[in-house]
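Subject: Structure handover

Hello,

Please find the sequence and the structure below. My notes follow after them.

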Amino acid sequence: MVNILEIKNSNLTEKIEAHEKIGGALRISVFEIKENHLGQLPDEYDAHLITARQTLEKQNFEWNFHFNKVAYKNKRKSIAYAQTDFDKLDPSGQKINLLHFLGPHFDLNKIKPFIRGQLGNDTLNSYFHYAKSELPENKIDITAIDAIYRKLYQGNEGYFIHALMEPPYGLSLGKEIYLRGKYLLEFLEYFFSDLNELTIYAWDTNCSLIFDAGKEWWGSYFWTVFNPTKKWYIGIIASETD
């Protein structure tokens with residue numbers, strides 16, 4: 001038996017709801033794991049697995065609740081039912097490093113993000129260090145960086161910074177890249193504390209139909225992250241389409 005409890009407090013709830021309010025695609029659940037009645041703690045994999053299970057079951061419930069309500073309103077007789085395929089989920093956890101997790105839109109050496117340009121034809125969809133002006137001469141060659149990542153992590157190129165900052169309809173943060181980068185860094189600081197101390201697992205996204213939408217083009221993502229500073233086990237799911 002594992003003693004796992006979802007953490008719910010006003011500050012955490014506010015952070016999660018604020019992300020969703022501005023159009024964020026991440027669905028985040030935060031847990032603590034304590035000793036069970038025998039004084040035992042799970043090993044690393046099992047701790048991440050139970051976090052993944054709890055996170056997915058929560059999202060399955062919310063998906064089913066929403067679509068059953070829509071079906072009733074539109075007088076549809078039935079809908080597909082989201083449930084966890086444990087045979088696919090349970091053995092699928094892959095421990096990944098920080099570089100793999102964050103992806104090519106983050107400079108780990110300088111702890112600065114690369115932010116996609118918003119302002120005009122010369123800079124739109126180009127990337128910039130968030131603290132520099134959005135000018136053509138400040139463009140980052142993100143294509144070259146992305147190619148390196150794809151070679152390193154072939155077959156598993158889903159990255160957290162992309163999922164956080166570039167949902168299908170964008171984030172309602174204004175167009176200034178500094179403000180967007182500031183939001184990203186504050187998000188990382190709140191949820192992850194010391195990036196170099198994190199333990200991260202990626203999970204199979206074929207274990208529930210809630211991931212199907214993102215497979216059309218944007219992406220489907222499922223991670224668990226242990227933040228030892230706060231002793232948080234964080235489940236992160238994202239799967240969106242237009």
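**Strand pairing and the two sheets**

Ile 115 stands opposite Phe 128 in strand E6. Helices (H or I, at least four residues) and strands (E, at least two) are DSSP runs, numbered from the N terminus. This is a predicted model, in which local features need pLDDT of at least 70 and side-chain atom pairs count only at pLDDT 80 or more, while totals for chains, interfaces and linings use all residues. Residues are numbered from 1 along each chain as its sequence is written, and side-chain values use heavy atoms, with hydrogens and water left out.

E5 and E6 are paired in the antiparallel sense over three bridges; two strands pair if DSSP finds at least two bridges between them. They belong to an open sheet of three strands, ordered E4-E5-E6, with antiparallel pairing. Its edge strands, which pair on one side only, are E4 (106-107) and E6.

There is also an open sheet of six strands, in the order E1-E2-E9-E8-E7-E3 and with antiparallel pairing. E1 and E3 (94-96) are the edge strands here, each pairing on one side only. On average, neighbouring strands of this sheet are turned by 30 degrees against each other, direction ignored. Axes are lines fitted to C-alpha atoms, for helices over the stretch in contact, and angles run from 0 to 180 degrees between N-to-C directions.

- E1 (residues 3-6) and E2 pair in the antiparallel sense over four bridges, and the bridge partner of Glu 6 in E2 is Phe 31.
- E2 and E9 (residues 232-239) pair in the antiparallel sense over five bridges.
- In E9, Tyr 233 stands opposite Phe 31, and Ile 237 stands opposite Arg 27.

As background, strands of a sheet pair through backbone hydrogen bonds, either parallel or antiparallel.

**Helix H7**

H7 lies across E4, E5 and E6, and runs at about 135 degrees to E5. H7 also lies across E2, E8 (220-227) and E9, running at about 135 degrees to E9.

Helix H1 (residues 10-21) packs with H7 (residues 177-192) at an angle of about 145 degrees, and the axes are 12 Å apart. The crossing of H1 and H7 is left-handed, that is, the near helix is turned anticlockwise from the far one by less than a right angle (clockwise would be right-handed). H1 contributes Asn 11, Leu 12, Lys 15, Ile 16 and His 19 to the contact, and H7 contributes Tyr 183, Phe 187, Tyr 190 and Phe 191. Contact means heavy atoms within 4.5 Å. The residues of this contact divide into six nonpolar, two polar and one charged. In that division, Ala, Val, Leu, Ile, Met, Phe, Trp, Tyr, Cys and Pro count as nonpolar, Asp, Glu, Lys and Arg as charged, and the others, Gly among them, as polar.

**Buried residues**

Ala 163 is in helix H6 (residues 160-165). Ala 163 counts as buried because its relative accessibility is 0%; buried means under 20% relative accessible area, exposed over 50%, partly exposed in between (1.4 Å probe, protein chains only). Leaving aside neighbours within four places in sequence, Ala 163 is in contact with Ala 25, Leu 26, Trp 218, Tyr 221 and Trp 223. Ala 163 and Ala 238 are 75 residues apart in sequence, and their C-alpha atoms are 7.2 Å apart in space.

Asn 36 lies in the loop between E2 (27-34) and helix H2 (44-73). Its relative accessibility is 12%, so Asn 36 counts as buried. Beyond neighbours within four places in sequence, Asn 36 is in contact with Met 1 and Asn 3.

**Loops of the three-stranded sheet**

Most residues other than glycine have a negative phi, and most peptide bonds are trans. Which residues depart from a negative phi here? Ile 111 is one of them, with a positive phi of about 50 degrees although it is not a glycine. Ile 111 is in the loop between E4 and E5 and is partly exposed, with a relative accessible area of 42%.

Asn 125, also not a glycine, has a positive phi of about 70 degrees. Asn 125 lies in the loop between E5 and E6 and counts as partly exposed at 46% relative accessibility.

Gln 118 is in the loop between E5 (112-116) and E6 (127-129). A polar atom of the Gln 118 side chain lies 3.4 Å from the backbone oxygen of Arg 116. Leaving aside neighbours within four places in sequence, Gln 118 is in contact with Leu 124, Glu 134, Lys 175 and Arg 180.

Regards

Terms used
Polar contact = N/O pair within 3.5 Å; in protein donor to acceptor, adjacent residues only side chain to side chain.
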